Amino acid sequence: MKTSMSQTFCCSLHLGELEVSAAELLALRPGARIGFKPPHGLEGVLKVAGGDWAKASVTLEGEDVWLEVKELL
């Protein structure tokens, strides 16, 4: 299979775990929102084709989200 540098891939970003109360969990419905403050030093795992690809630091700057790759997996 030949891959071109302009080819695109679907990726996902796993940001870890979030604790929610039983009441919040049971109240989840389409359109429901759970708010939380992002922890300092938020890190994520970038996944490509279902497999872990890279670990990255995640920063929020205004309306933008930036990933700084820390390690290729």
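Is aspartate 52 buried, partly exposed or exposed? It's partly exposed, with a relative accessible area of 42%. On that scale, buried is under 20% relative accessible area and exposed is over 50%, with partly exposed in between, using a 1.4 Å probe and protein chains only.

Quick housekeeping before I go on. This is a predicted model, where local features need pLDDT of at least 70 and side-chain atom pairs count only at pLDDT 80 or more, while totals for chains, interfaces and linings use all residues. Residues are numbered from 1 along each chain as its sequence is written, and side-chain values use heavy atoms, with hydrogens and water left out.

Okay, back to aspartate 52. Its side chain meets that of lysine 47 in a salt bridge, at 2.5 Å from N to O. By salt bridge I mean a side-chain nitrogen of Lys or Arg within 4 Å of a carboxyl oxygen of Asp or Glu. Lysine 47 is partly exposed too, at 24% relative accessibility. As a reminder, side chains of opposite charge can pair when their charged atoms come close.

How many salt bridges does the structure hold? Two. The other partners to look at are lysine 70 and glutamate 68, whose closest N and O atoms are 3.2 Å apart. Glutamate 68 comes out at 47% relative accessibility, so we call it partly exposed.

Now the sheet. Four strands make an open sheet, ordered β1-β2-β3-β4, with antiparallel pairing. Strands here are DSSP runs of E, at least two residues, and helices are runs of H or I, at least four, numbered from the N terminus; two strands pair if DSSP finds at least two bridges between them. β1 (11-14) and β4 (64-72) sit at the edges with a single partner strand each, so one side of each has no neighbour in the sheet. Between β3 and β4 there are eight bridges, and valine 58 stands opposite leucine 67 in β4.

Let's zoom in on serine 57, in strand β3 (residues 51-61). Serine 57 is buried, at 15%. Skipping residues up to four places away in sequence, its contacts (heavy atoms within 4.5 Å) include Leu42, Trp66 and both Glu68 and Lys70.

Leucine 42 counts as buried at 16% relative accessibility. Beyond four places in sequence, leucine 42 contacts Leu15, Ala56, Ser57 and Val58. Its C-alpha is also 7.1 Å from that of threonine 59, 17 residues away in sequence.

Definitions and conventions. Contact means heavy atoms within 4.5 Å.
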